[in-house]
Each structure stands twice: as structure tokens, then as C-alpha cells.
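Work through the exercises below with the model open in your viewer. Each task is followed by a solution in steps.

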Amino acid sequence: MRRALLFRFFGVLLLALAISSAISYYFIGNHMLDNNISNMQNTIHVVDYSLDYGEDIQEELIKLHASSPDQSLRISVIGIDGTVYADTETTQIQQMENHADRQEIKDAIAHGQGYANRYSDTLQKNMLYVACVSQKGDYMIRLAIPYAGILDYLVAIFPMMLVGIGIAFIISVILTFRFTDTITKPLREISTELGKVNYNEPNFHHRHYQYEELNIISNTTAHLTDEIGAHIQQIEFEKRVRQEFFSNASHELKTPITSVRGYAELLSQGFVQDEKTKQDFMIRILKEMDHMTSLIDDILMISRLETKEAEVTLSMVRMSPLLDEIFESLEPIATAYQVTLCRECEPIIIEASMQQIQELITNLVNNGIKYNHAGGSVTVRIIRQMQNMVIEVQDTGMGISEEEKDRIFERFYRVDKGRSKKMGGTGLGLSIVKHIVEYYNGTIELISTPGEGSIFLVTLPVLGEK
Ligand code: ADP
């Protein structure tokens, strides 16, 4: 890049020099020509004034020329018809050819004065001819001087021009290097920093540069790497959560499998003779199987909710009949735990997934029954609040301490593992509830007093403008 810029820079420099030289050459050349013509015209007037045309003009002219300090000056006296009457360059006037066809003469005849710049075969030089009609008679006086225009000076100024071009070249090299440095250095820095960016160190360090365009590049790169960094962090976090989830899930499944295997082994080896114990083992095996089934159901549910792969079918859900259905299905365990179920439900219809809403309420009411005491109650209130549907599940159970409040929504977290397991809990219920609430952009709030009971308040913005 540096070399390419240097070549361009130098090319532009040469072009600028060439253009300015051409313009100077043209204007200075013209100016010099005008000056020379004007000087020569003045000289012609003096000559005209000094000459006595009544005498021998040739002789007069030679005398006059002899007194001139510039011997390269050629003076001629020419008649209106082009006949040469006198000339300082020759003594053989009669042999001189007629000059009527010379440009300067033609112009002088036509306009009183004329000039021409041409190569003289006689003198073998480029000459400038200026002719004017005499004030005194039918003559023209013509002056000629060797004239090569600005080329005469070019030889003298050429070495200086070379020196000038050399200096300009050196300055342009220095300036180009400096200029390219201000661009290439930051670019090199940016690419070096970019090279350091990797999976473990996604941060891109950069400085502020002189040119805004470079800052745009570095800022955009920084922004991009920040985003990649955040993305990597998110992926890492999700990876960790998933790993944890799988290891917990396997662990949770391993326990019932081990006990099922134990009971089955004992039964198969024929050690258990007692029919009642056999029956008891069978019941335990079935219970463990049920637990595994609910565990697998919950694991599948949560993984589908998390990967958002679940095909959610939305329909118009009437809350009151749905609540009836839920209560009906939970009635047996409520009776078993001696817990009364109460309900208050406004006639609300929402557009949602029936399965998700059912799962949400069932989990909360189920917990209200499980973590309650005999004679206690669980009350469900479903009301409308602006654009929200509020589901309130209140129990008179054991309550949840302040420290446990956030943790109970974590997967597989249980305050009392033994009690939860005994009651067929998987530790995933509230986690599923939280996912469903988030799916509808809702909120879940827990108000609880240990020993007195808990209230789970779910607010779902599912009602729209009224
Ligand atoms: P589990 O299958 O164990 O019930 P959850 O995710 O539904 O799993 O609940 C997590 C833990 O939160 C439970 O083990 C229990 O300790 C506590 N918990 C949930 N609901 C209540 C409640 N209504 N009252 C008291 N504790 C509760």
C-alpha cells in the first residue's frame, strides 16, 4: 500500500509540475515575445528617425549599425513592393530576393506593422522579425534578432529545475511515508488486535485514531467483538445450564431405577416368601415407575419449553371450566391430604395454550396441597386486572422462608428433598411454571410466611385492549 501510494503521490507531483510548467512556458513565452516585439518596434522608430532616405540608405544603415551595441541585430530597409534597399547582413543588395512574401512584410503592408518568428536559412538560426512602415516615406524597416523564445533560458534553468524536482521528490517521499504511516499503522494495529481475538479472549482493544474512518472501523469491530463475546458468554452459560440439567436429570432417574432393580432382584431370587411383602415390593416398584414417568414428563416439558421447539397451539380458553377440570383431577390427592380446595373465578376467556395454562395452575395447586397440613386449604382466585389475568394460588401450608424464595424456581431445587420425593415431586414443577409465565411475558410473585402459608401471584398480559 505504501509503495502504491508513493507512486501515486509522485505521479500527481509530476503531473502538477508538468501542468504548471506548460502553463508557465506558454504565458512566459508570450510575454517575452510581446516584450521583444515592443522593444524592436521602438528600435525601428529610432532607426527610422535617424535614417536619411535621401542619401545612400545602405551606407547610412551600415554606419548606424556599427554604432549599435548589439551586433547580432539585423536591420533591413525594404520597399513597399518588397525590394530590399539596404541590409546590415550583406553588401550585395542587388542580389537579395524580393521580400514581399515574408509574413512580417505582408502584415506591415496591410497593417503598418508585423512580425514573424521563423527559422532563417541564411543565418541557420531561429529569428524574430519585426517590420514597421517608415514614417518618412514608402519604406519599411525590418529588424531581426536571433530568438529561440524561452528555450534560450531553459538551458540555464534546467539544472535548477532538476534540483527543484529532486527536492520535491524527497519531500514527497517523506510526506508520503508519514501520510501512509498515519493510515497503515492504525490498520496494522487493528488487524493485530483482531488477530488476538479468540473464543477465550473475545475483547477487542483499540485506540482513538486521527481519521474518523479508522475510528468507524475500530468501533464497529469492537462492537462486533463485544456482541460475539456476549454471544459466547450466553452459549457458555446455556451449555453449563444444560450440562447441569442433564447431570441432575440422570441423577434423579438413577435413584428410582436403582430401587426398582433392587426390589425386582429380591423378588426374582425368591428370597421373599411372604405374600404381603411381595405385594408391598410390587407397589413400591409401581410407585417408582410412576415417579420416573412424571420425571420424564417434566424433563420433556421443560426441555421443550426451553428450546422453544414446542409447537404451541393457541385457542380460546375459558378459565372457569378449565379450573373445574383441574380441581376435579386434583380432588383425589386433596382428599388424601385432607386439604380443601376453594375457588373464585371471573368469567374470563383468553387466547392461550390450554395445555400450558392447565400445567401452570395444576403445578401451583398441587404444591399447595402437598406442602400443606391436614385440615388446610388451597384457594384459587382468577381475576381480571386491566389487560392482565391474575391467578392467585393461596395455601395455608408450611410457607417458604425468605432465603428459599428465589431458589425454589430453580430446576430440581427442593427445600425438603425427602418430603418432596415422598409426595411424588420432581423438583421441576415451579421451574415449568416460571417458563410458562415467561412465555406469556408475565410475572410471578411469591408472598409467604413460614408456618402460615404462601400466595403465588401470576400476572399474565393476555387480555388485550378492552
Ligand atoms: P416439587 O416437585 O418438589 O414440588 P417444585 O419445583 O414444584 O418441585 O417446588 C420446589 C420446592 O419448593 C418444593 O420441593 C418445595 O420445597 C417448595 N414449595 C413449592 N411450593 C410450595 C408451597 N406452596 N409451600 C411450601 N413450599 C413449597
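A polar side-chain atom of Tyr371 lies 2.8 Å from an oxygen atom of the ligand. Keep in mind that this is a predicted model.

**Exercise 1. The ligand site**

Task: Find which residues come nearest to the ligand, and list polar pairs between ligand and protein, including the one of Tyr371.

Solution. 

Step 1. Start with the shell. It holds 20 residues around the ligand, and Asn367, Tyr371, Ser420, Thr426 and Gly427 come nearest.

Step 2. Take the oxygen side of the ligand. The side chain of Tyr371 places a polar atom 2.8 Å from a ligand oxygen. Thr426 uses its backbone instead: an N or O atom there lies 2.8 Å from an oxygen atom of the ligand.

Step 3. A ligand nitrogen is 2.9 Å from an N or O atom in the side chain of Asp395.

Step 4. Check the cover. The ligand alone exposes 530 Å², and the protein buries 98% of that.

Step 5. Assign the shell to elements. Helix α8 (354–370), helix α11 (429–439) and strand β12 (453–460) are the elements that each give two or more residues to the shell.

**Exercise 2. A nonpolar surface patch**

Task: Which residues make the nonpolar surface patch of about 430 Å², and which helix gives the largest share?

Solution. 

Step 1. Name the members. They are Phe9, Val163, Ile167, Ile171 and Leu175.

Step 2. Find the main contributor. Helix α4 (residues 151–196) supplies 4 residues, the largest share.

Step 3. Ile171 is found in helix α4. Its relative accessible area is 45%, so Ile171 is partly exposed.

**Exercise 3. Buried or partly exposed?**

Task: Classify Ala131, Ile296 and Thr88 as buried or partly exposed. The cut-off for buried is under 20% relative accessible area.

Solution. 

Step 1. Ala131 lies in strand β4 (residues 125–133). Ala131 has 0% relative accessibility, so it counts as buried. For a distance check, pick Val46, 85 residues away along the chain: the two C-alpha atoms are separated by 13 Å.

Step 2. Ile296 belongs to helix α6 (residues 275–307). Its relative accessible area is 40%, so Ile296 is partly exposed. The C-alpha atom of Leu253, 43 residues apart along the chain, is separated from that of Ile296 by 8.4 Å.

Step 3. Thr88 sits in the loop between β2 (84–87) and α3 (103–111). Its relative accessible area is 13%, so Thr88 is buried. The Thr88 side chain also reaches the backbone nitrogen of Ile75, at 2.9 Å.

**Exercise 4. Salt bridges**

Task: How many salt bridges does a search of the whole structure find? Then describe the pairs Arg142 with Glu104, Glu252 with Lys417, and Arg407 with Glu410.

Solution. 

Step 1. The search finds 17 salt bridges.

Step 2. Take Arg142 and Glu104. Their closest N and O atoms are 2.8 Å apart. Arg142 lies in strand β5 (residues 139–146) and Glu104 in helix α3, so the pair ties together parts that are 38 residues apart in sequence. Arg142 is buried, at 2% relative accessibility. Glu104 is buried too, with a relative accessible area of 0%.

Step 3. Take Glu252 and Lys417. Their side chains meet in a salt bridge at 3.6 Å, N to O. Glu252 is in helix α5 (residues 212–268) and Lys417 in helix α10 (residues 417–422); the pair links distant parts of the chain, 165 residues apart. Glu252 counts as buried at 6% relative accessibility, whereas Lys417 counts as partly exposed at 42%.

Step 4. Take Arg407 and Glu410. The closest N and O atoms of this salt bridge are 3.1 Å apart. Arg407 counts as partly exposed at 38% relative accessibility. Glu410 is likewise partly exposed, at 36%.

Technical notes. Residues are numbered from 1 along each chain as its sequence is written. This is a predicted model: local features need pLDDT of at least 70, side-chain atom pairs count only at pLDDT 80 or more; totals for chains, interfaces and linings use all residues. Side-chain values use heavy atoms; hydrogens and water are left out. A residue is near a molecule or strand if one of its heavy atoms lies within 4 Å of it. A polar contact is a pair of N or O atoms within 3.5 Å; within protein, one must be able to donate a hydrogen and the other to accept it, and residues adjacent in sequence count only if both atoms are side-chain atoms. Accessible areas come from the Shrake-Rupley method with a 1.4 Å probe; for residues, only the protein chains shown count as cover. Patches are made of residues with over 30% relative accessible area and no salt bridge: like charges are joined within 9 Å, nonpolar side chains (Val, Leu, Ile, Met, Phe, Trp, Tyr) within 5 Å. A salt bridge is a side-chain nitrogen of Lys or Arg within 4 Å of a carboxyl oxygen of Asp or Glu. Buried means under 20% relative accessible area, exposed over 50%, partly exposed in between (1.4 Å probe, protein chains only).
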